[in-house]
Amino acid sequence: MERHIVIAGQGRAGTTLFYNMLRSTLKGFNMPDSEVQARQYLDKPGNYCTKRPFDIFDIPNILKEAQGKKHVDLIITMRDPRDVLLSKHKRVPDDYFVGADHCWFVPQGVEPTYNAPGILPTHHAITTIINSGIFPNGVFVLKYEDLVDNPEGIKDILAEAYGMEFEGDFSDFYKQDIPDDLSRALNGIRPVEKAKEPKWKKPEHRQRILDQFTRFPDLHKVLINFGYEDDTKWFEDLIMMED
């Protein structure tokens, strides 16, 4: 049976970076030149790989439509929510791009609106899919931090777990031709940079973090569920810095 790899999950979590790494190395799969809905490609012959973070909300429909046509694997993207909360986008330069409840929706040619799902509804969708059992062999949760720290290690894990074949290194993705639609979100085409000290720890971002975690305490569950923190002590320490 032909295959379809769906990349979905948390937006602003390196999905474009990862997708470009795959485009430059993955063998045997067709990969569109832009972010597309997976369901648009389920009827097309051949193996496909698509990426669209919001597809995490459409996984049951994707699997239903793929039944008897394609074998579907899911790679879920994640990033420390505290850094996601600091994300910016050139279409909305005067605001943070992602919030706990909503994020900006910025389709080409349309005025941006702050009505797309933010971190908490996305996290709910992610955990629902992971715990649903609809993927008998499980899903692959890809953390941005792991990808930038060890891109070749991630490639090796994918090769073993999903029988994916690669040619070349993830780290060399920037040397290939990258379509315009897939370069905009990269903030410049350059070699992958290993994770430095988290941006959220910088004093200039303290109020943003305090505001979001105070208004939306369920954000703590996201941090703990995905192993970014063991408890809330980091937040208590942050509060003390303001006193």
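View 1. Two strands are taken as paired if DSSP finds at least two bridges between them; strands (E, at least two residues) and helices (H or I, at least four) are DSSP runs, numbered from the N terminus. In this predicted model, local features need pLDDT of at least 70, side-chain atom pairs count only at pLDDT 80 or more, and totals for chains, interfaces and linings use all residues. Residues are numbered from 1 along each chain as its sequence is written, and side-chain values use heavy atoms, with hydrogens and water left out. The open sheet consists of four strands with parallel pairing, in the order E2-E1-E3-E6. Because strand E2 (48-51) and strand E6 (140-143) stand at the edges with a single partner strand each, one side of each has no neighbour in the sheet.

**View 2. The pairing of E1 with E2.** Four bridges join strand E1 (residues 2-9) to E2 in the parallel sense. Isoleucine 7 has lysine 51 in E2 as its bridge partner.

**View 3. Helices on the sheet.** Helix H2 (residues 59-66) packs on the sheet and touches E1 and strand E3 (70-78), contact meaning heavy atoms within 4.5 Å. Helix H4 (residues 119-132) also packs on the sheet, touching E1, E3 and E6.

**View 4. The nonpolar cores.** A nonpolar core is a set of buried Ala, Val, Leu, Ile, Met, Phe, Trp, Tyr and Cys residues joined through side-chain atoms within 4.5 Å, where buried means under 20% relative accessible area (1.4 Å probe, protein chains only). The largest has 42 residues, and those with the most contacts inside it include Val6, Ile56 and Trp234. A second, separate core of 26 residues includes Leu26 and Tyr162.

Definitions and conventions
Axes are lines fitted to C-alpha atoms, for helices over the stretch in contact, and angles run from 0 to 180 degrees between N-to-C directions. Buried means under 20% relative accessible area, exposed over 50%, partly exposed in between (1.4 Å probe, protein chains only).
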